[in-house]
Amino acid sequence: MQELFLPGYVATGAVPPDEWSGVAGKLAEACRNHGVALAIGLPEYSGDQVYNSAYVFSSQGAEIARTRKVQLFGPDENALFLPGNRLATFDYLGTRIGLVICYDIEFPEHVRALKRAGVAVILVPTANMMPFTYVNDLLVPARAAENALTIAYANYCGPEGPLVFTGRSVIAGPDGSVLAKAVEAPQMLVADVPTEVSIPLSTQIEDLRTVEVSYSGS
């Protein structure tokens, strides 16, 4: 489920668009043949423009969601991609799911918007690199807890080109508890989305008050 899993985060800018004709169809066929759903990061070409995108295919091979990364990270991403301008949600097996990409999850405004849209689970294909391990360890569980939802954050691990990706994929439950976590090596994580938790869930959505910020200057 990682960000730009094909052809790879570093390699994306070097792959010509015509090599991508039929890739989505092959992934859909694989989902259908194996009876599994798939969320995966791919470059999305639109004429001479390219987006950092993520796709979701159902177990029947249908494309059921697609999103474009809104928050592009650093000068390299901003030079290569156009940003998206909307957040994606979809329903699957009775659950409303949100789909964002990597840096998007670090903006509480986006997670709050998905919560307000009725999302219970957020999928996050990610290519988070060293030294930003605090995102995996702190921010993702915090985003889950403050919005009372589950976040599945699937990250690259190991070196690619000049970068070293942190691994440390994590699934955080709606009370902020870590349901499953990887180390700095490839690993499959499996977790049930909790329907009951041991502590009261956050009510910030209901309690939020709108305030103004004042300044008392000298």
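Helices (H or I, at least four residues) and strands (E, at least two) are taken here as DSSP runs, numbered from the N terminus. The model is a predicted one, in which local features need pLDDT of at least 70 and side-chain atom pairs count only at pLDDT 80 or more, while totals for chains, interfaces and linings use all residues. Residues are numbered from 1 along each chain as its sequence is written, and side-chain values use heavy atoms, with hydrogens and water left out.

Six strands build an open, mixed sheet in the order β4-β5-β6-β7-β10-β11, where two strands count as paired if DSSP finds at least two bridges between them. At its edges stand β4 and β11 (178–181), each pairing on one side only. On average, neighbouring strands of this sheet are turned by 15° against each other, direction ignored; axes are lines fitted to C-alpha atoms, for helices over the stretch in contact, and angles run from 0 to 180 degrees between N-to-C directions. Within the sheet, β5 and β6 run parallel and are joined by three bridges, and I97 has V121 of β6 as its bridge partner. Helix α4 (residues 133–147) packs on the sheet, where it touches β7, β10 and β11 (contact: heavy atoms within 4.5 Å). The direction of α4 makes about 155° with that of β7.

Elsewhere, β8 (residues 157–160) and β9 (residues 163–166) pair in the antiparallel sense over four bridges, with F165 in β9 as the bridge partner of G158. These two strands, β8 and β9, form a hairpin with two residues between them, and G161 in the turn has a positive phi of about 60°.

Helix α3 (residues 108–116) has H110, V111, R112 and L114 as its buried residues (under 20% relative accessible area; exposed is over 50%, partly exposed in between; 1.4 Å probe, protein chains only). Their cover includes β4, β5, β6, α4 and α5 (204–207). Just after α3, G118 takes a positive phi of about 90°.

On a 1 Å grid over the protein atoms alone, a cavity is a set of points where a 1.4 Å probe fits but cannot get out, whereas a pocket is an open set with protein on both sides within 12 Å along at least five of seven lines; lining residues have an atom within 4 Å of a point. Grid points are joined across faces, edges and corners, and a volume is the space filled by probe spheres set on the points. The largest pocket holds about 1100 Å³ and is lined by 33 residues, with M1, L123, A152, I171 and L189 nearest its centre. Strand β7 gives the most to this lining, with five residues. The second largest pocket, of about 300 Å³, has 14 lining residues, of which Y9, V10, D76, E77 and L163 lie nearest its centre. Here helix α2 (residues 74–80) contributes the most, with five residues.

Most residues other than glycine have a negative phi, and most peptide bonds are trans. The bond from L6 to P7 is cis, with omega near 5°, and P7 sits in the segment before α1 (23–34). Another cis peptide bond joins M130 and P131, with omega about 10°; P131 lies in the loop between β6 and α4. C102, in the loop between β5 and α3, has a positive phi near 45°.
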